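Dear colleague,

Please find the structure below, together with its sequence. A summary of the findings follows it.

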Amino acid sequence: MEALINAGGKGTRMGPCGIEKPMQVIGGKHVVQRVVEAMRGAKGIDRVLVSVSPNTPKTEAYLKSIGVETIRTSGEDFMMDLHESFSVMSGDYVMTSPSDVPLMTSSVIDCTLDSFKPEMQSMIVLVKAGIVRQMGIVPSYTRVLDGEEWVLSGLSVMDRKGTLEGKYLNECCLKTDWKELAVNVNTQAELFLARKLF
């Protein structure tokens, strides 16, 4: 399966720090590099691409320097960027991920892929809100399912052609307690926490 890492956003919640969010260094590596390495190490992923935009020129230059395939998008809107990326990809299904999940591992990716079945059409990975709070993060958005509170991890598997055609896709949820997906670096506080964890 192909993987698409989204690294073209404006990163407004990080504030004016002078460094593009995917290029923040955590544990001696750029956070986007950590996500790329996790994807490349997964048995079920055979091609890794990263979407970049005018918002992230240093990220684009860095990724090209280490031999990572990039797709240039407008960077104006997440769904628009997703469609632009999907239009130049070729697989039936795509694993999508943000570029700012530094604890992500190859084994978590493979466990996600093992759980996905084509009849699902799309599958999003959720993490228990309690796990996220235990990590010291206050979730900005939660979803209640079956009486429990969950946080969107950002990791998902999507029907590429169905998405491009604007079809309504069934949305299945993979409920997890994976700490590896609990830290999503969107703010300075989350960046500080992620660095402490390493």
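**Salt bridges**

Lys161 and Asp92 form a salt bridge, with 3.5 Å between their closest N and O atoms. Lys161 belongs to helix H6 (residues 160–164) and Asp92 to the loop between helix H3 (78–86) and S6, so the pair ties together parts that are 69 residues apart in sequence. Lys161 is partly exposed, at 42% relative accessibility, and Asp92 is likewise partly exposed, at 46%. Please note that this is a predicted model.

The count of salt bridges comes to eleven. Another of them joins the side chains of Glu2 and Arg47, at 2.7 Å from N to O. This pair links distant parts of the chain, since Glu2 is in strand S1 (residues 2–6) and Arg47 in strand S4 (residues 47–52), 45 residues apart. Glu2 counts as buried, with a relative accessibility of 5%, whereas Arg47 is partly exposed, at 26%. Together with Glu69, Glu2 and Arg47 are linked in a network of salt bridges.

Glu37 pairs with Lys29 in a further salt bridge, where the closest N and O atoms are 2.8 Å apart. Glu37 is partly exposed at 36% relative accessibility, and Lys29 is partly exposed at 30%.

**Nonpolar cores**

The largest nonpolar core has 49 residues, and those with the most contacts inside it are Met39, Ile45, Val50, Met104, Ile109 and Leu181. Helix H1 (residues 31–41) supplies the largest share of this core, six residues. A second, separate core has eight residues, among them Leu49, Ile71, Phe86 and Met89. Leaving aside residues up to four places away in sequence, Val50 touches several residues, including Leu4, Val36, Leu63, Glu69 and Ile71.

**The aromatic pair**

One aromatic pair is found in a search of the whole structure. The ring centres of Tyr93 and Phe116 are 5.2 Å apart and the planes stand at 65 degrees, so the pair is edge-to-face. Tyr93 lies in strand S6 (residues 93–98) and Phe116 in the loop between H4 and S7, so the pair ties together parts 23 residues apart in sequence. Phe116 is buried, at 8% relative accessibility.

**Positive phi angles**

Gln121 has a positive phi of about 70 degrees, although it is not a glycine. Gln121 is in the loop between helix H4 (106–115) and strand S7 (122–128) and is partly exposed, with a relative accessible area of 25%. Asp146, also not a glycine, has a positive phi near 50 degrees. Asp146 is in the loop between strand S8 (143–145) and strand S9 (148–159) and is exposed, with a relative accessible area of 73%.

Yours sincerely

Terms used
Residues numbered from 1 in each chain as written. Predicted model: local features only at pLDDT ≥ 70, side-chain atom pairs only at ≥ 80, totals over all residues. Heavy atoms only, no water. Core = buried A, V, L, I, M, F, W, Y, C linked by side-chain atoms within 4.5 Å. Buried < 20%, exposed > 50% of the residue type's maximum accessible area, 1.4 Å probe, protein only. Helix = DSSP H or I, 4+ residues; strand = E, 2+ residues; numbered from the N terminus. Contact = heavy atoms within 4.5 Å. Phe/Tyr/Trp six-rings, centres within 6.5 Å; stacked < 30°, edge-to-face > 60°. Salt bridge = Lys/Arg side-chain N within 4 Å of Asp/Glu carboxyl O.
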